[in-house]
Amino acid sequence: AAQRKRLMFSEVPDPIPQEWLEDNLFFCRATLDGKGQRNKNAVKTGAIVVDLDCGAVGHKKKSPFPDIEAALAHLRGLPCPPSFIWKTGHGVQAAFLLDQPVLFSDPHRAALYEQVRKQLFAATKSDWTSARSQLFRVPGCMNIKKDCPPVRSEMVEYHPERRYDLATLAGALPALPPPLAGAKAALAQLL
């Protein structure tokens with residue numbers, strides 16, 4: 001097996017070598033501090049990225065969309081459509097570019113980012129992840145999974161001019177339901 005290497009974005013050659021695209025290739029939505037790939041290592045981000053499962057192939061749980069076309073139609077119908085959409089082979093990933101980067105050291109902006117990210121995950125029916133350091137598939141690379149035929153990911157829509165203010169996204173997306181008051185106490189009474 002080939003030796004896997006983690007690179008910072010600045011270290012990735014342009015164009016990406018074709019041999020790299022013949023394997024699984026991923027990117028992190030956040031800039032990391034170079035000391036690891038955990039939430040505590042995420043310094044900033046310029047996007048919110050969602051991951052939508054489609055169909056039955058390549059997924060462990062039931063997908064919210066019967067096929068890729070249904071997921072694409074759902075994304076295109078949002079009040080704030082994505083900046084980029086790409087097919088991953090077994091689903092769709094989409095990025096919503098922000099007009100200004102979010103520095104995770106700024107507690108107010110980081111909290112607003114987390115709120116909007118959760119709103120986008122709910123509105124898009126995305127897989128939920130709390131990891132700021134989550135990896136996403138690079139468009140154009142192969143999607144190679146055990147027990148699935150390999151398939152190439154591909155860019156579907158490219159709109160770099162679509163950039164969103166976090167407050168605009170928060171206002172345009174459906175609000176999240178409030179957490180249940182006293183849910184822990186009520187649960188304790190049932191146990």
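Mentor: Let's begin with strands. Two strands pair if DSSP finds at least two bridges between them. Helices (H or I, at least four residues) and strands (E, at least two) are DSSP runs, numbered from the N terminus. This is a predicted model, in which local features need pLDDT of at least 70, side-chain atom pairs count only at pLDDT 80 or more, and totals for chains, interfaces and linings use all residues. Residues are numbered from 1 along each chain as its sequence is written, and side-chain values use heavy atoms, with hydrogens and water left out.

Trainee: Which residue in strand 5 is the bridge partner of Phe84?

Mentor: Strand 4 and strand 5 (residues 91–103) run antiparallel and are joined by 4 bridges. They form a hairpin with 3 residues between them, and Gly89 in the turn has a positive phi of about 110°. Within strand 5, Phe84 has as its bridge partner Ala95.

Trainee: And which residue in strand 9 is the bridge partner of Ile85?

Mentor: Strand 4 also pairs with strand 9, in the antiparallel sense, over 4 bridges. There, the bridge partner of Ile85 is Glu157.

Trainee: How many aromatic pairs does the structure hold?

Mentor: Rings of Phe, Tyr and Trp (its six-membered ring) pair if their centres lie within 6.5 Å; planes under 30 degrees apart count as stacked, over 60 as edge-to-face and the rest as tilted. By that rule, the number of aromatic pairs in the structure is 4.

Trainee: How many residues apart in sequence are the parts that Phe27 and Trp86 tie together?

Mentor: Phe27 and Trp86 form a tilted pair, 6.0 Å centre to centre with 50° between the planes. Phe27 lies in strand 1 (residues 26–28) and Trp86 in strand 4 (residues 84–87), so the separation of the parts in sequence, in residues, is 59.

Trainee: Is Trp86 buried or exposed?

Mentor: Buried means under 20% relative accessible area, exposed over 50%, and partly exposed in between (1.4 Å probe, protein chains only). Phe27 has 28% and is partly exposed. Trp86 has a relative accessible area of 2%, so Trp86 is buried.

Trainee: Why is the pair of Phe84 and Tyr158 called stacked, and what is the angle of the planes?

Mentor: Phe84 in strand 4 and Tyr158 in strand 9 (residues 154–158) are 74 residues apart, and their pair links distant parts of the chain. Phe84 counts as buried at 15% relative accessibility, whereas Tyr158 is exposed at 56%. The ring centres are 5.1 Å apart, and the pair is stacked because the planes are at 20°.

Trainee: Now for helix 3: how far apart are its end C-alpha atoms?

Mentor: The expected span of a helix is 1.5 Å times one less than its number of residues. Helix 3 (residues 107–124) has 18 residues, so it should span 26 Å; this agrees with the distance between its end C-alpha atoms, 25 Å.

Trainee: Which ring does Arg117 lie over?

Mentor: Arg117 is one of the buried residues of helix 3. A charge sits over a ring if NZ of Lys or CZ of Arg is within 6 Å of the ring centre and within 35 degrees of the ring normal. At 5.0 Å from the ring centre, Arg117 lies over the face of Phe121.

Trainee: Which residue just after helix 3 takes a positive phi?

Mentor: Its phi is about 65°. The residue just after helix 3 is Lys125.
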